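This report concerns a ligand and the pocket around it. The sequence and the structure are shown first.

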Amino acid sequence: MNIEQYILSKKNNNEKMLAVLLDPENLTDGNTVKIIGQQILLSKPDFVFVGGSTYTASTTPLIETLRRWTREIPVVLFPGHPSQFSDKADAVLFLSLISGNNPDALIGWQVESARAVRDSGIEVLPMGYILVGDSVSSTARITSTMPIPEADIIRITDTAIAGVLLGMRLIYIEGGSGAEHPINASVIKRVRQEIDCPLIVGGGICTAKQAQEAWQAGADIVVVGNHLEQHAEELNLFCSARHF
Ligand code: 1GP
């Protein structure tokens, strides 16, 4: 399956998508992975994203284990560092952290991983990654960058527009993993008004209602990580909330 085509066709039909984000560092216990895997098989989210902001855990073992349950559901890498690249995934979000001025996160890590990514033949999804809000997330800490405050809507939207002009085909606005509150719907709406490409939103989403608010505001893909890692039994609620 070409994942970009899948995203675009869903977007064109105004069908909303859910990605469950799994961080190998949080999932060292096989039983927890099994419980999450079974819920994925049952509820069928659109994607499983695998990745995290730290460099310590390899993504390959988790991807290989998850295949038992994900089956036709694409597993997409959301790497926080080149060490998280795995040719076992179906696609990679090849991202640049365009909200900050850390050269490593802007282009350094991409250069480091470029040859391995190209030679693997994996589908590549070029993505502009924009940290937003006031929470000092692990991404902000590790990249030594500050998120763009929600109040600075012009900078957020101009950053998204710049990403598109640079050729990025997805834009991800990130409230930070485990953020106290999700990105405000008004911010999502303003970004949506300015760009046509698929818009991904995540960070701090803990209820199906919050996911639905993000979709209603214009997100195409909502990403839920921490909450579903801990409450996999709620995955069906999030999946049902895609239809409204
Ligand atoms: C983090 O946006 C994702 O990169 C998901 O965040 O873990 O808070 O759901 P949460």
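A residue is counted as near a molecule if one of its heavy atoms lies within 4 Å of that molecule. The model described here is predicted. By that cut-off, 14 residues surround the ligand, and the closest are Y172, E174, G178, G225 and N226. Sorted by class, this shell contains 5 nonpolar, 8 polar and 1 charged residues.

| Residue | Protein atom | Ligand atom | Distance |
|---|---|---|---|
| G225 | polar backbone atom | oxygen | 2.8 Å |

Taken alone, the ligand exposes 300 Å², and 96% of that area is buried by the protein.

Where does the ligand sit? Its site is the largest pocket, for which a volume of about 750 Å³ is computed. The lining of this pocket consists of 46 residues. Those that lie nearest the pocket centre are G52, S53, F78, Y129 and T139.

The strands β4 (91–97), β6 (170–174) and β8 (221–224) each supply at least two residues. The helices α4 (103–120), α5 (138–143) and α9 (226–230) likewise supply at least two residues each. By class, the lining of the largest pocket holds 21 nonpolar, 21 polar and 4 charged residues.

Notes:
Residues numbered from 1 in each chain as written. Predicted model: local features only at pLDDT ≥ 70, side-chain atom pairs only at ≥ 80, totals over all residues. Heavy atoms only, no water. 1 Å grid on protein atoms, 1.4 Å probe; cavity = no way out; pocket = protein on both sides within 12 Å on 5 of 7 lines; lining within 4 Å. Points joined across faces, edges and corners; volume = space filled by probe spheres on them. Helix = DSSP H or I, 4+ residues; strand = E, 2+ residues; numbered from the N terminus. Nonpolar A, V, L, I, M, F, W, Y, C, P; charged D, E, K, R; others polar. Polar contact = N/O pair within 3.5 Å; in protein donor to acceptor, adjacent residues only side chain to side chain. Areas by Shrake-Rupley, 256 points an atom, 1.4 Å probe, with all protein chains shown as cover. Sits in = over half its atoms within 2 Å of the grid points.
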